Amino acid sequence: MKTKVTLTLNAKRYDIDVEEDFARFLTEQMKHDFEFYGNNDLKLLLQAYVRKNFTLYQQEKQTLALIDRLQNL
């Protein structure tokens, strides 16, 4: 089932339709990155994007290191 998640950027509301399970996860993550119930500027959006991509970068490095260790067993 689809659920709407709403975020306000530069005084404009954006509704995003996502699956219900993911909506709960996404909402909790967005509360850490944004003023969830208020307005957010584009700089804040860019900062959140860079933080999330850095996290993905670190996870990928860890995954590749783990694969390398497992292949060398």
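By how much of a helical turn are Arg-24 and Glu-20 separated in helix H1? They are four residues apart in that helix, so the separation is about one helical turn.

This is a predicted model, in which local features need pLDDT of at least 70 and side-chain atom pairs count only at pLDDT 80 or more, while totals for chains, interfaces and linings use all residues. Residues are numbered from 1 along each chain as its sequence is written, and side-chain values use heavy atoms, with hydrogens and water left out.

## Overall form

The protein has two helices and three strands. Helices (H or I, at least four residues) and strands (E, at least two) are DSSP runs, numbered from the N terminus. Read from the N terminus, the order of the elements is β-β-α-β-α. The radius of gyration is 16 Å, well over the 11 Å that the globule rule gives for 73 residues, so the protein is more spread out than a compact globule. That radius is taken over C-alpha atoms, and the globule rule is 2.2 Å times the number of residues to the power 0.38. Along the principal axes, the C-alpha atoms fill a box of roughly 55 × 30 × 15 Å.

Of the 73 residues, 19% are buried. Buried means under 20% relative accessible area, exposed means over 50%, and partly exposed lies in between (1.4 Å probe, protein chains only). The protein exposes about 6,100 Å², and carbon and sulfur atoms supply 57% of this area. Accessible areas come from the Shrake-Rupley method with a 1.4 Å probe; for residues, only the protein chains shown count as cover. Among contacts with a separation of 6 or more, 29% are between residues 24 or more positions apart. Contact means heavy atoms within 4.5 Å.

## Salt bridges

A salt bridge is a side-chain nitrogen of Lys or Arg within 4 Å of a carboxyl oxygen of Asp or Glu. The count by this rule is seven. The table gives some of them.

| Salt bridge | N to O distance |
|---|---|
| Lys-2 with Glu-19 | 3.7 Å |
| Arg-24 with Glu-20 | 3.5 Å |
| Arg-24 with Asp-21 | 2.5 Å |

Lys-2 and Glu-19 form a salt bridge. This pair links distant parts of the chain, with Lys-2 in strand E1 (residues 2-9) and Glu-19 in strand E2 (residues 12-19), 17 residues apart. Lys-2 is exposed at 55% relative accessible area, whereas Glu-19 is partly exposed at 42%.

The other two pairs in the table share Arg-24. Arg-24 and Asp-21 both lie in helix H1, three residues apart, which is about one turn of the helix. Salt bridges that share partners join Glu-20, Asp-21 and Arg-24 into one network.

## Around Phe-36

Thr-27 lies in helix H1 (residues 20-33) and is buried, with a relative accessible area of 17%. Beyond its neighbours within four places in sequence, Thr-27 is in contact with Val-5 and Phe-36. Lys-31 is also found in helix H1 and is partly exposed, with a relative accessible area of 37%. Not counting residues up to four places away in sequence, Lys-31 touches Phe-36 and Tyr-37. Lys-31 and Ile-16 are 15 residues apart in sequence, and their C-alpha atoms are 15 Å apart in space.

A pair of aromatic rings is described by the distance of the centres and the angle of the planes. The structure holds three aromatic pairs. In one of them, the rings of Phe-36 and Tyr-37 have their centres 5.0 Å apart and their planes at 85°, so this pair is edge-to-face. Rings of Phe, Tyr and Trp (its six-membered ring) pair if their centres lie within 6.5 Å; planes under 30 degrees apart count as stacked, over 60 as edge-to-face and the rest as tilted. Phe-36 is buried at 15% relative accessibility, whereas Tyr-37 is exposed, with a relative accessible area of 71%.

## A nonpolar patch

On the surface, Leu-46, Tyr-49 and Val-50 form a nonpolar patch with about 340 Å² of accessible area together. Patches are made of residues with over 30% relative accessible area and no salt bridge: like charges are joined within 9 Å, nonpolar side chains (Val, Leu, Ile, Met, Phe, Trp, Tyr) within 5 Å. Leu-46 lies in helix H2 (residues 42-71) and is exposed, with a relative accessible area of 53%.
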